[in-house]
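I am opening a notebook page on helix packing and salt bridges. The entries follow the order in which I looked things up.

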Amino acid sequence: MARRGLPPAPGAVAAPWCRAGRARRRLAGRAGAALTERCDAAYEELIHCELELGRHDVVIAELDPFLAAHPWRERAVGMLMTALHRTGRQRDALLAYDRLRSRLAEDLGIDPGRELTRLRDELLRVASPAPVAAPQPFAAVKAPAIRQLPAPLADFVGRAEEVAAIRATVAERLAAGAAPVVAVSGLPGVGKTSLALAVLHTLAGELDAGHLFADLRGHAEPRQPRLILHGFLRTLGVEPDALPQDLDEASALYRSMLAERRLLVLLDNAADVAQLAPLLPGPECPVIVTSRRRLIDLDGAAFVQLEPWSEREALLMLERLSGSFRTEADRRAAVAIAGYCGYLPLATRISGTRAMASPSGLQAVAAQLVDASRRLDRLTSPERGVRMSLSSGYAALSPDEQRLLRRLAIVTTDTFPEWVAAEVFGSEDGPHRLAALVESSFVTAQGADALGQQRFRLHDLVRTFAADRARDEEPGAALRDLLDRVARAWQCLAEEADMALYYADAFARPPKSGHVAPIDVHRRDPRTWFAIECTSILDMVERCAEAGIAEWQWKLIYNVEGYLRMEARTAEVRSRGRRALEAVQETGDAEGIASISMSIAFAALLEDDLQAASDDIGRALGLAGQLDDRWLLAEIYTVAAHIYNGLADTAAELTALEHATEHYLAVGDMAEAGVKLTALGDIAARTGDATAAGGYYVRGVGLLRTADASLPLAHGLRRMARFHRDRGNWPEAIGAYAECLSLVERERDPVGELVVRSELAVTLANAGQLADARLHAHQALGLAEQVSLPQYAGYAHFAQAVVHARGHDYGSANRELEGCVDALRANPTFLLEAQIEYGGVLAALGERERAAVVFGEASDLAGKLENSRLEQAARDGMAAATAPLGFRAARSAVPRADDGEIS
């Protein structure tokens with residue numbers, strides 16, 4: 001009686017293969033290709049059992065029709081050869097091997113496997129049929145392991161965090177029974193495949209698993225998933241004629257065959273999820289997918305966005321390729337090369353390889369990469385190159401995405417907010433196209449900035465590549481129009497932010513840009529906005545300069561100048577402003593010449609360059625008759641007044657301030673009009689008209705409070721505080737300074753805070769409050785180290801000297817004053833205070849002759865400033881220093897609590 005599942009014994013009624021074939025066909029029709037394969041494997045196991053039982057004739061009879069239908073199944077051929085040999089048919093056994101070898105060579109271009117070849121060799125060595133128990137049947141030999149991964153890079157460096165993250169993800173998901181799929185995306189040449197190979201080879205050793213590999217060629221002509229599946233299935237033992245032609249059936253068979261065996265799978269260079277999905281096995285097999293695109297629709301996958309190397313990793317690669325850095329010059333060259341390559345692994349490898357072939361090594365390669373316009377030409381080799389790699393990815397972008405990428409490369413050099421894409425693209429669809437560029441890894445998302453704006457960036461080599469494409473594919477007029485449009489948007493934002501930075505909501509000057517602001521965060525927090533965007537604005541200035549667009553060059557500098565001054569970047573204002581002035585002078589634009597001349601004049605004044613400041617403001621004043629912008633005229637006269645003050649020209653200062661006040665009032669700028677009224681109060685106070693001065697201060701501060709503008713109010717309060725301080729009205733002076741200090745601190749104005757703390761320290765010291773005075777003087781000196789403005793830093797040291805002097809430490813006071821007097825010469829008011837204090841300290845130290853000289857200089861300066869009160873103080877000091885009884889104690893430029901002059 002036949003056993004269930006086995007063919008009948010010899011002599012019984014046979015169950016020929018054709019009968020099994022019909023059953024198989026019916027089964028295949030019901031269950032599909034996966035069950036067909038399992039049925040074939042089960043049938044081979046039955047034949048193996050027959051062979052071990054010694055039923056060789058049955059085996060031969062069953063395998064002949066089976067092999068006719070499945071001629072490539074090597075295990076079945078091996079069992080047939082064994083059965084033929086054991087029945088004395090050695091020649092037929094060898095012929096069976098030869099038939100298989102010929103068929104494999106003709107149809108597939110391959111040879112039989114090692115195990116079958118070894119069996120053939122054993123049969124050749126045996127002259128007669130071996131006993132049944134002698135040779136081990138072929139069925140007992142294991143199938144060869146599947147090892148398809150390319151070798152890992154021998155010089156793989158870095159990526160420790162990414163490797164650890166992928167390994168942890170695989171381990172967690174295997175333990176949870178979830179699909180361990182990791183999708184690695186990144187820029188072309190960033191090392192995605194290298195990372196995947198490094199991880200999978202390590203896992204293969206730890207898990208004792210084989211591996212499958214396929215290059216999906218997603219960046220060129222994507223391969224069809226059905227053909228890739230056919231390759232995998234043939235590797236797994238499916239004969240070509242049994243390969244399902246339907247994609248879904250092929251995918252199902254693939255998953256079924258991997259269901260009970262663990263293989264690692266690398267799917268390299270995937271185009272998209274549609275290409276990838278049929279190639280994913282079940283949860284038993286870890287899979288790493290690499291793609292230039294971020295496959296965000298790949299459900300259940302863990303994502304790794306691979307960024308360029310760190311500088312340390314790039315230097316390590318260069319060191320490995322070129323040998324250790326033999327000199328410091330080699331190391332400097334390596335650092336430069338890494339930077340020129342943007343730390344991109346492909347570019348770094350090419351550069352390191354070129355260094356190996358160059359007699360001058362790294363230094364020669366660094367010199368070749370200096371020129372950014374030719375950098376991509378240098379980063380190439382006969383087999384690969386950065387331009388080639390980027391070109392293939394660029395070709396896969398849509399025309400709209402290509403256009404946006406090209407144009408972003410023209411107008412950005414740093415990180416940029418999302419609104420730039422809309423301006424560049426020319427429509428609201430720009431952000432959508434930008435998101436597509438992020439998915440393709442050509443643009444990197446940087447996250448949100450301090451104002452909540454999402455920021456983006458082009459890799460330096462991508463920018464170079466895309467800019468080259470822009471110059472090749474875009475008309476020159478289109479690129480100029482692009483720069484004009486984006487510069488106009490930056491100008492609109494900078495103009496509004498500059499107004500908000502100084503005035504808040506106190507005054508709204510009509511914008512001149514003729515552009516609608518694409519955002520509003522610049523008005524809500526202008527200081528932070530400028531801190532974030534200043535680099536982009538200044539880069540746009542350079543782009544406009546390169547394109548010969550003088551208008552936006554000077555306007556952008558003019559509107560960012562206020563922020564740069566707050567940051568004590570006056571040297572930058574002068575250097576960039578000078579270039580903008582040269583450009584606008586060629587156009588003859590009177591407004592531009594006057595505006596930028598005023599900006600660089602004020603910067604020169606702050607750097608104590610009075611001659612340059614005078615020349616520049618003179619140029620602006622010379623064009624006043626051609627200007628119909630009264631607000632601009634007011635600004636020019638304001639700066640002129642500051643410069644005339646530095647030149648001790650009180651009459652010119654007074655006239656300039658009166659003009660400025662008139663123009664500010666005419667345009668409704670109450671905040672600046674209030675500041676100018678308090679400045680007029682200073683002049684009245686200097687000339688001895690305290691009543692008029694008091695009136696100016698009250699009127700000016702009143703206007704400022706009505707305008708509710710923080711920084712202008714701080715300026716007015718500071719002037720009023722000085723007025724009270726100079727008259728010994730300590731409570732009023734200290735109160736005004738305290739309010740002023742809170743305003744400049746709130747507006748984060750380090751220069752203003754430095755000046756206010758210095759003057760408050762002097763006031764407190766003269767009021768006898770030395771502990772508080774020391775605190776403010778110390779804080780002012782700390783700010784002075786951050787703010788590179790000599791006159792204000794000098795005044796901080798003057799304040800420290802006053803604190804020392806009021807504590808009777810005349811030696812320390814003398815050292816501070818010796819070091820700061822020269823720094824104060826650009827500000828005569830500050831200088832006059834310091835000279836009178838210096839004379840008093842010298843007299844207290846017994847140096848009466850030097851004290852007399854200093855008091856004499858102070859008296860002359862006070863006369864030029866028409867400051868009768870301080871002129872009298874200087875004369876009194878000189879008289880005391882030359883009197884027979886000497887000078888009893890140090891005197892200050894302002895009353896002290898022990899002077900008996902408190903009013």
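I count a residue as buried when its relative accessible area is under 20%. I need that cut-off for the entries on charged pairs. I also note that this is a predicted model.

**Entry 1: E759 and R722**

I began with a charged pair. The side chains of E759 and R722 form a salt bridge, 2.9 Å from N to O. I then looked up where the two partners sit. E759 is in helix α35, residues 750-766, and R722 is in helix α33, residues 710-726. They are 37 residues apart, and the pair links distant parts of the chain. Are E759 and R722 buried or exposed? Both are buried.

**Entry 2: D609 and R574**

Next I checked D609 with R574. Their side chains meet in a salt bridge at 2.9 Å, N to O. D609 lies in the loop between α27 (590-606) and α28 (610-622), while R574 is in helix α26 (residues 570-587). The two are 35 residues apart in sequence, so the pair ties those parts together. I looked up accessibility for each partner. D609 has a relative accessible area of 26%, so I log it as partly exposed. R574 is at 18% and counts as buried.

**Entry 3: E162 and R159**

I logged one further pair. E162 and R159 meet through their side chains in a salt bridge, with N to O at 3.9 Å. Why does R159 count as buried? Because its relative accessibility is 4%.

I also wanted the total. Searching the whole structure gives 57 salt bridges.

**Entry 4: α4 against α5**

I turned to helix packing. Helix α4 covers residues 74-86 and helix α5 covers residues 90-107. Their axes are 7 Å apart, and the helices pack at an angle of about 160 degrees. That angle makes α4 roughly antiparallel to α5. The crossing of α4 past α5 is right-handed.

Which residues of α4 and α5 make the contact? From α4 I list E74, V77, L80, M81, L84 and H85. From α5 I list Q90, D92, A93, A96, Y97, L100 and L104. I sorted the contact of α4 with α5 by class: nine residues are nonpolar, two are polar and two are charged.

Methods: Residues are numbered from 1 along each chain as its sequence is written. This is a predicted model: local features need pLDDT of at least 70, side-chain atom pairs count only at pLDDT 80 or more; totals for chains, interfaces and linings use all residues. Side-chain values use heavy atoms; hydrogens and water are left out. Axes are lines fitted to C-alpha atoms, for helices over the stretch in contact, and angles run from 0 to 180 degrees between N-to-C directions. Helices (H or I, at least four residues) and strands (E, at least two) are DSSP runs, numbered from the N terminus. Angles under 35 degrees count as roughly parallel, over 145 as roughly antiparallel, 65 to 115 as roughly perpendicular and the rest as oblique. A crossing is left-handed if the near helix is turned anticlockwise from the far one by less than a right angle, and right-handed if clockwise. Contact means heavy atoms within 4.5 Å. Ala, Val, Leu, Ile, Met, Phe, Trp, Tyr, Cys and Pro count as nonpolar, Asp, Glu, Lys and Arg as charged, and the others, Gly among them, as polar. A salt bridge is a side-chain nitrogen of Lys or Arg within 4 Å of a carboxyl oxygen of Asp or Glu. Buried means under 20% relative accessible area, exposed over 50%, partly exposed in between (1.4 Å probe, protein chains only).
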